[in-house]
Amino acid sequence: RDIQILLKIFLWTLLFILLLQVTGAVLGFTFSEKVEMKAVALLEKGMIRYRDDLDLQNLIDYIQKKFRCCGVLSYKDWSKNVYFSCAETNPSLERCAVPFSCCVRTTEEILIISLTAALLKQIHFIKKRISRRPTTH
């Protein structure tokens, strides 16, 4: 007898979960336009805060790599981020660029880009040090 009760509980639990999934699918299909608009707004908000939160950065990188995309609608969406903005006043080394995850690369290209980025950072660091050094006459 106890086993029949457990089987009935299991059956009703599975039916309830199935009902929830069907309801979710119907609602998702019915309100797909609203869901898409919310998703776009959420992704754009995430792109603006891309460098502020490492977990968010990793999530956006994963999405861009997985779907082989760059930005929400195009790569130009990244200009909304302060680090990637093309504004003349932007001192960032990433000015007018996109995150690395936008690009599909071979292993050799990844190595070259990584070394180039490291070299650029070193040059920037050295220039800062030189400009801070007091001149002696």
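Q: Which handedness does the link of cysteine 70 and cysteine 102 have?
A: In this predicted model, a disulfide joins cysteine 70 to cysteine 102, with an S to S distance of 2.1 Å. The angle about the S-S bond is 80°, and the link is right-handed.

Q: How many residues apart are cysteine 70 and cysteine 102, and which loop holds them?
A: The pair links distant parts of the chain. Cysteine 70 and cysteine 102 both lie in the loop between helix H3 (54-67) and helix H4 (107-132), and they are 32 residues apart.

Q: Are cysteine 70 and cysteine 102 buried or exposed?
A: Buried means under 20% relative accessible area. By that cut-off, both cysteine 70 and cysteine 102 are buried.

Q: Why does cysteine 86 count as partly exposed?
A: Cysteine 86 forms a disulfide with cysteine 96, their sulfur atoms 2.1 Å apart. The range between under 20% (buried) and over 50% (exposed) is termed partly exposed. Cysteine 86 falls in this class because its relative accessibility is 42%.

Q: What is the pairing of the bonded cysteines in sequence order?
A: The structure holds 2 disulfides. One joins cysteine 70 to cysteine 102, and the other is formed by cysteine 86 and cysteine 96. Numbered in sequence order, the bonded cysteines have the pairing 1-4, 2-3.

Q: Why is the sulfur of cysteine 69 too far for a bond, and which cysteine holds the closest sulfur?
A: A disulfide requires cysteine sulfur atoms within 2.5 Å. The sulfur of cysteine 69 is too far for a bond because it lies 7.4 Å from the closest cysteine sulfur, which belongs to cysteine 102.

Notes
Residues are numbered from 1 along each chain as its sequence is written. This is a predicted model: local features need pLDDT of at least 70, side-chain atom pairs count only at pLDDT 80 or more; totals for chains, interfaces and linings use all residues. Side-chain values use heavy atoms; hydrogens and water are left out. Helices (H or I, at least four residues) and strands (E, at least two) are DSSP runs, numbered from the N terminus. Buried means under 20% relative accessible area, exposed over 50%, partly exposed in between (1.4 Å probe, protein chains only).
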